[in-house]
Amino acid sequence: FIPAAIAGMAGFSVAGLFTSMVPSIMRQVMGQSDGVVIGAVVGSFFAASVVGQAALQWIPARSHMSTGCAGLILGMVTLGLSISTEQLGLLMIAGALAGIGQGMVFRAGMGAVTAASPAHHKAAVSSALFVVFYFSMSLPVIAVGVSVPVFGLRHVGELFSAIVAVVAVLAMLSMKRAQAVSAA
């Protein structure tokens, strides 16, 4: 549960970021005011999430969470670079990478948790995991909203990207540790 929850925290934090912060970044940092373009960039994150979930069928099960976390890490590094360089192309790549990673950690985490849960507790454990996921989506958005007036959109976006990348690294390490313990 813990490795899946940590990875889900990172993935759902990114989902919250793309729906709440990326439109402002595009307008205020990158000078992009076209609503269609902004919607396409945000929407591409969610389309990539679906692709990430579907792609797991071609990846060995033991690598699902690590691959998803790697996508989140690369996506967040690219997001930070896109903000610091004001490059819309990098932002689009960040959305695709992070979306694929988010989709993978979501599906892999739900699959691992439900597979490991006793039949009579599957609903309760899945519900608890969703509470963690949705809390992870909303709390960072609130923190960003409070932080932006104090530190500025650019700095908060870059810091948030770094924090989520670190959380994804922790999730990856946690999953590798859990796999090593279960293999022993």
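In this predicted model, Ala 108 is buried, with a relative accessible area of 10%. The residue belongs to helix H5, which covers residues 88-116. Ala 55 is placed in helix H3. Between Ala 55 and Val 167 there are 112 residues of separation along the sequence and 23 Å of separation in space, taken from C-alpha to C-alpha.

The packing of helices was examined next. Two packed helices are described by the angle between their axes and the distance between the axes. Helix H1, formed by residues 2-20, packs with helix H6, formed by residues 122-151, at an angle of about 40 degrees, and the two axes are 7 Å apart. H1 and H6 are therefore oblique to each other, since an angle counts as roughly parallel when under 35 degrees and as roughly perpendicular from 65 to 115 degrees. The crossing in which H1 passes H6 is right-handed.

Helix H1 also contains Ser 13. This serine has a relative accessibility of 8% and so counts as buried. Ser 13 and Leu 139 are 126 residues apart along the chain, yet a distance of 8.2 Å separates their C-alpha atoms.

A further helix pair is made up of H2 (residues 22-29) and H3 (residues 35-55), which pack at an angle of about 140 degrees with their axes 9 Å apart. H2 and H3 are therefore oblique to each other, because an angle must be over 145 degrees to count as roughly antiparallel. Their crossing is right-handed.

Attention then turned to the loop between helix H4 (64-85) and H5, where Glu 86 is found. Most residues other than glycine have a negative phi. Glu 86, by contrast, has a positive phi, near 60 degrees. With a relative accessibility of 40%, Glu 86 counts as partly exposed.

The structure holds one salt bridge. Its partners are Arg 154 and Glu 86, and the closest N and O atoms of the pair are 2.5 Å apart. Because Arg 154 lies in helix H7 and Glu 86 in the loop between H4 and H5, the pair ties together parts that are 68 residues apart in sequence. Arg 154 is partly exposed, its relative accessible area being 27%.

Helix H7, which spans residues 153-183, is also the place of Leu 170. The relative accessibility of Leu 170 is 48%, so this leucine counts as partly exposed; exposed residues would need a value over 50%. Together with Val 166, Val 169 and Leu 173, Leu 170 forms a nonpolar patch on the surface. The accessible area of these four residues together is about 350 Å².

Technical notes: Residues are numbered from 1 along each chain as its sequence is written. This is a predicted model: local features need pLDDT of at least 70, side-chain atom pairs count only at pLDDT 80 or more; totals for chains, interfaces and linings use all residues. Side-chain values use heavy atoms; hydrogens and water are left out. Patches are made of residues with over 30% relative accessible area and no salt bridge: like charges are joined within 9 Å, nonpolar side chains (Val, Leu, Ile, Met, Phe, Trp, Tyr) within 5 Å. Accessible areas come from the Shrake-Rupley method with a 1.4 Å probe; for residues, only the protein chains shown count as cover. A salt bridge is a side-chain nitrogen of Lys or Arg within 4 Å of a carboxyl oxygen of Asp or Glu. Helices (H or I, at least four residues) and strands (E, at least two) are DSSP runs, numbered from the N terminus. Buried means under 20% relative accessible area, exposed over 50%, partly exposed in between (1.4 Å probe, protein chains only). Axes are lines fitted to C-alpha atoms, for helices over the stretch in contact, and angles run from 0 to 180 degrees between N-to-C directions. A crossing is left-handed if the near helix is turned anticlockwise from the far one by less than a right angle, and right-handed if clockwise.
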